[in-house]
Amino acid sequence: MSPTQSQGKPECLDEIREKVLECCKCPLCKVRTKPVPGEGYGKVMFVGEAPGREEDLEGRPFVGRAGKLLRDKLKEIGFEDVYITNVVKCRPPNNRTPHKEEVEACKPYLEEEICCLKPELVVALGKTAAKALLGFEAPMKELRGKVRVVKVRDCTVRVLVTYHPAAILRKKSLLKEFVFDLKKAYSLVYKQGKLF
Ligand code: URA
Ligand code: SF4
């Protein structure tokens, strides 16, 4: 990481990372290759569902095909430094959706990441992230594109939901809305600044 990227990065992020690297609070720790802690530092936090195959092998979030799509779009739009993480930090077998118990066991790390980083915006990628952050489920069509204010422990954050990049790979027609949402996220953070 370059000196500018790490400037101002709070120590608590490294502490969370260390805890994730040693975690065995749920059965996924027995079947993972590597745990995948969040990485980066910046005003925006992106939250996915759980590591996939490539992420499990590398121990880094969003480094596979869906990750490439996400990272390419972020670069195109002009996002500077971002923090990228997942609701669940270890890969579920065959990329199945994480079970409720796994989400519950792992969610404290996400809450700590939010309260430590204090991002100006959290972007929830897909249903699992939206449910974990908003506390309710609804069709993606209703959830996406809106900014909601959410209380996480004693921190307040803005959450914007959009599609998971893997959903874009399966259904190309969603790309337009995905990019629209990412541009909205960009303007909220880099053009309007802090709303509270
Ligand atoms: N999908 C996710 O939800 N997270 C990753 O890190 C990679 C793919
Ligand atoms: Fe720990 Fe989360 Fe991995 Fe389960 S998924 S072992 S709670 S880091």
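The exercises below, each with a worked solution, concern the surroundings of two ligands in a predicted model.

**Exercise 1.** Determine where ligand 1 sits, which residues are around ligand 1, and how these residues divide by class.

*Solution.* Begin with the site, which is the largest pocket. Next, collect the residues with a heavy atom within 4 Å of the ligand; around ligand 1 these are Gly48, Glu49, Ala50, Glu55, Pro61, Phe62, Asn86 and His164. Finally, sort this shell by class, which gives three nonpolar, three polar and two charged residues.

**Exercise 2.** Find N or O atoms of Ala50, Phe62 and Asn86 that lie within 3.5 Å of a nitrogen or oxygen atom of ligand 1, and state how much of the ligand the protein buries.

*Solution.* Take the backbone first: an N or O atom of the Ala50 backbone is 3.0 Å from a nitrogen atom of ligand 1, while a backbone N or O atom of Phe62 lies 2.9 Å from an oxygen atom of the ligand. Then turn to the side chains, where an N or O atom of Asn86 is found 2.7 Å from a nitrogen atom of ligand 1. As for burial, ligand 1 taken alone exposes 240 Å², and the protein buries 92% of that.

**Exercise 3.** Describe the site of ligand 2, the residues around it, and the helix that gives the largest share of its shell.

*Solution.* Ligand 2 sits in the largest cavity. The residues around ligand 2 include Cys23, Cys26, Cys29, Cys90 and Cys106, together with Lys25, Arg32 and Lys89. Sorted by class, the shell has eight nonpolar, no polar and three charged residues. Helix α6 (residues 100–117) supplies the largest share, three residues.

Terms used: Residues numbered from 1 in each chain as written. Chains lettered and ligands numbered in written order. Predicted model: local features only at pLDDT ≥ 70, side-chain atom pairs only at ≥ 80, totals over all residues. Heavy atoms only, no water. 1 Å grid on protein atoms, 1.4 Å probe; cavity = no way out; pocket = protein on both sides within 12 Å on 5 of 7 lines; lining within 4 Å. Sits in = over half its atoms within 2 Å of the grid points. Helix = DSSP H or I, 4+ residues; strand = E, 2+ residues; numbered from the N terminus. Nonpolar A, V, L, I, M, F, W, Y, C, P; charged D, E, K, R; others polar. Polar contact = N/O pair within 3.5 Å; in protein donor to acceptor, adjacent residues only side chain to side chain. Areas by Shrake-Rupley, 256 points an atom, 1.4 Å probe, with all protein chains shown as cover.
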